[in-house]
Amino acid sequence: MFAETRFVFSAGAMAVSLACLAAPMPRAEEEPPSAPGDYLLQKWDVDDGLPDDAVAAITQTRDGYLWVGTARGLARFDGVRFRLFTAANTPALVSDNIRFLTEDSDGALWIGLSRGVVVRHRNGAFETMARPTDNPANWPTSLVADSEGGVWLGLPHLRAARWCDEQWTQFGETDGIAGSGAVNCIAGYHGRTWFITETSCGFFDGSRFITLTTDVPLPQFQPRRDDGCWLARANVLRKFNERGETLLMGQMPWSGGAAEIQTLLETQDGVLWVGTKGQGLYRLDDAGIERVKTSHNFVTAIHEDHEGNLWVGTGGGGLNRLRLRGIRLYDARSGLPGDIVYSICEDNDSALWFGSRSPGALRLIGRRFTVFTNTNGWPGGIVTTLCADRNGGVWFGTLAEGLVRWQGGVFRTAGLKGERIESLFQDREGALWIGTSQAGLLLWRDGKVTRFPTKDGLSDVTALAEDGAGHLWAGTQQGELFWRGDGSFQRFNRGDGLPDGAVHTILADGTESLWIGTRRGLVRFDGSKFKQITMRHGLPDDDIRQIVADDDGNLWFGSSRGLFRAARRDLDEVAAGRRTTVDCVTYGRSDGLGSFEFVEGCYNAACRARDGRFWFATRRGAVEVNPKALIVSFEPPPVHIEELIVDGKSRPLPASGRVEIPPLPDRIELRYTAPSLTAPTKVRFRYRLENVDDDWIEAGAERAATYLHMPPGNYRFHVTACSSEGVWNPDGTSLDFTVRAALWQTGWFRAAALVALLALLAATIRIVVLHRVRKRLRALERQHALEEERARIAKNMHDDLGARLTRIALLSESARNDAGLAPGAVARAEKISRAAREVSQTLDEIVWTVNPGNDTLERLIGYLSDHATEYLAAAGIRLSQDLPESVPAAPISSDVRHGLLLAVKEALNNAVKHAAATEIKLDIVVEPQSLCVRITDNGHGFDLNVARAAGQGLANMRERLSTIGGDCRIESALAQGTRITLTLPLKRN
């Protein structure tokens, strides 16, 4: 049995706070601001997707998901949406009543249900585990995992069971468990598993249970991070160490058992959280104890996630998240005389001073405001800008009362009455620089004022700063910068790379860089050139009004649209052209800050206090920023593909391998997430489907990708995410899936179809070719029969008609030679003989035309040459011919030969009868696609116009050639002869 040692109140501030919590505080001379609590509260209930408003268990697994157990099912939460698992959709969950949750060392989730059922969730699948006992009276009282891969169940009647090597091992009194009642197992720190009963507590040393005490009723128990554990019962809290000492911490701030302690949790920062039944949630540390507001006063479960958020389960108010408030607003409700704040600074005594729209000076010490309006020598007027004096005190620039100094608890006027002072800055030598709207830039040193000429634009100075070399920089409302070196000012403007906009603020961050906030974006000066960074580079706003730097390499910006942060390294790389965009973190309503407009035009509109907090002046009050509370983690977020939905139906996702998708999907939807429990709406995604997307698709906050009418094939879907801090997961995750081909999309089907198509094509070609061949054969047969008929006609005409005409001509000549004929009869016999010979000659031409043996170009050229020779020789006209040496094989139909022959005869006849020619030249030229026959005489020629009007001979030749597809061209002039060119198209064999 161990002795109980009671603490006296002087032993620590904790006991003092417990004793004084319920006592009324004395009213101070200065009212503290009615600031909101130090924690931001957000609630989720059934309207947000939670299965039930009564939460029994909470845990977070290493994959980032938060698991919530209720009496109506299990919920998995990624910060944005709940996914429910119930007996209806998960067969392994035989009951919806979830009582316990824990994660083992392998990352599997263990779920304790009512009636003693234990379920394990591993690799995306739920499985019901063997029961440690079949006795319904021995239902588990707790479920925890140890650091060695085991899982513990607390059981009634001083018993416990451990799952290891896929089996349960029972422990009881013979194994060291002492006391009375049921055993509750609790996971401790440093790999230790603790147990408590109704009257004892202890731990498992690896082989048996070591009992530490058996004399104190212990309904609630929480291991400590340093040594020992916390013990609680009703409203009494004790601290117990392994040396056997029970230290009474005092009573909780309620009487008796009106609020029973339900659950305890010690967080990573050493704070003890106490959840009660009836009095809500309490926070206990070395500074004291305070009640923290929750959505319900019955607290059933407390859990701290990987990002430091506190999750609180309630007995009817749903799920709560508590996060340390990183942004706090001080306005008229907090003690400010007005909401609009112009300037903020911190003096050497760590007091904060504010200049606001309301007359007077305002000081904040702790959380107590003091307003100076007509006391301590304040001259009156509205403060426009502030500057802490290096030697103690504060400088005030006013709207019309000039320069005022606070020192030694008294305000004193330092001159410049009537000037509108817009900016103040004290350099490293102690000289005070004063920017005004009318008088330009002034220098105050030891009570003497030096004025600098405004003729070069050095007026309306709104921003002042000193670089690392001790040179002064001044920015103006006109968007110009002035640099003071060697006693003179150098001017920079738009021509040097500055944007066309007012300069609001200048920050010399201790490096060679100078950061300039303007109305047209952020400007970095690296010592040689200016580089503008704007919204097209990723900034949330171009109107940069205030800039503060922290110790972690970040710049914080107050703008016309609110507060945001960016890494200085990223800004440098954008300015240097090594990257195109910068990742910025914005802060809004979920961080405790609404859509505030930060003030412009006043130096010291933002300041960094000695405690590391930032203060910004806005049009709705003074904003206090705790950067350590806002910067969550620089770890990349885990990325998961949660669902693959094909045509509205979810497909199971295997732990490894490919997912098979039926053929011809109309719509494939992939749902993914990156669990983030602090700022889930700020997580951004990008994805890419191999062989479909050429590059990464920037999805923003969208958590689904959709593809329509995907062809068959193998695909790999990649997705990655960026945290709210701008940290990308370099690997992300991926899913392989295969869209199966329909029957007609398979390779063998396509090959068979191709073979069938080729066979069909071959058959079609064969049919078409056979049809054409047969048609050609029939045509050739008809042509052959026609040629035979033509040959027969030609032979008959030649043999019969020719013989008869020859006989007529011979008889006529014989009669003409008969001496007994009368003179008239002789003349008639002469005419008959001549006519018979002419008809015989015409018959020869017809026979030549009809005879199919003459249907060649060679026969045509030969016949034309022979005809011209005979005809002109009979007429006594000299003929010269130019014929082709070789004649290609080309068919000439009988009608074409006949038409061309008649045209040639017409031309020769005209030359003999009308031209009085003594010489005619016949040229026949065979060209690749035509036959050209040219007849040229040296006759007296004629006028073409007169010839067209006088006769039809020339027109007949043109018509004959046109009928057979040829062309006739006639060239002639008086006393210059005539040339007739007959052109006929040719068809080659």
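Modeller: A residue is called buried when its relative accessible area is under 20%, exposed when it is over 50%, and partly exposed in between, with a 1.4 Å probe and protein chains only. The model is predicted, so local features need pLDDT of at least 70 and side-chain atom pairs count only at pLDDT 80 or more, whereas totals for chains, interfaces and linings use all residues. Residues are numbered from 1 along each chain as its sequence is written, and side-chain values use heavy atoms, with hydrogens and water left out.

Colleague: How many helices and strands does the protein have?

Modeller: Helices (H or I, at least four residues) and strands (E, at least two) are DSSP runs numbered from the N terminus. Counted in this way, the protein has 9 helices and 71 strands.

Colleague: Is Glu-624 buried or exposed?

Modeller: Glu-624 meets Arg-613 in a salt bridge of 3.6 Å, N to O, which links strand β57 to the loop between β55 and β56. Arg-613 is partly exposed because its relative accessible area is 27%. Glu-624, at 9% relative accessibility, counts as buried.

Colleague: Which strand holds Arg-671, the salt-bridge partner of Glu-643?

Modeller: The closest N and O atoms of Glu-643 and Arg-671 are 3.4 Å apart. Glu-643 lies in strand β58, so the pair ties together parts 28 residues apart in sequence, and the strand that holds Arg-671 is β61.

Colleague: Which residues cover Gly-154 by touching it, leaving out those up to four places away in sequence?

Modeller: Gly-154 lies in strand β12 and counts as buried because its relative accessibility is 0%. Trp-139 is 15 residues from Gly-154 in sequence and 8.6 Å away in space, C-alpha to C-alpha. The residues that Gly-154 touches are Trp-139, Pro-140, Thr-141, Ser-142, Arg-159, Val-183 and Cys-185.

Colleague: What is the area of the nonpolar surface patch that includes Leu-760?

Modeller: Patches are made of residues with over 30% relative accessible area and no salt bridge, where like charges are joined within 9 Å and nonpolar side chains (Val, Leu, Ile, Met, Phe, Trp, Tyr) within 5 Å; accessible areas come from the Shrake-Rupley method with a 1.4 Å probe, and for residues only the protein chains shown count as cover. Leu-760 lies in helix α4 and counts as exposed because its relative accessibility is 53%. Together with residues including Leu-754, Ile-765 and Val-769, Leu-760 makes a nonpolar patch of about 880 Å².

Terms used:
Contact means heavy atoms within 4.5 Å. A salt bridge is a side-chain nitrogen of Lys or Arg within 4 Å of a carboxyl oxygen of Asp or Glu.
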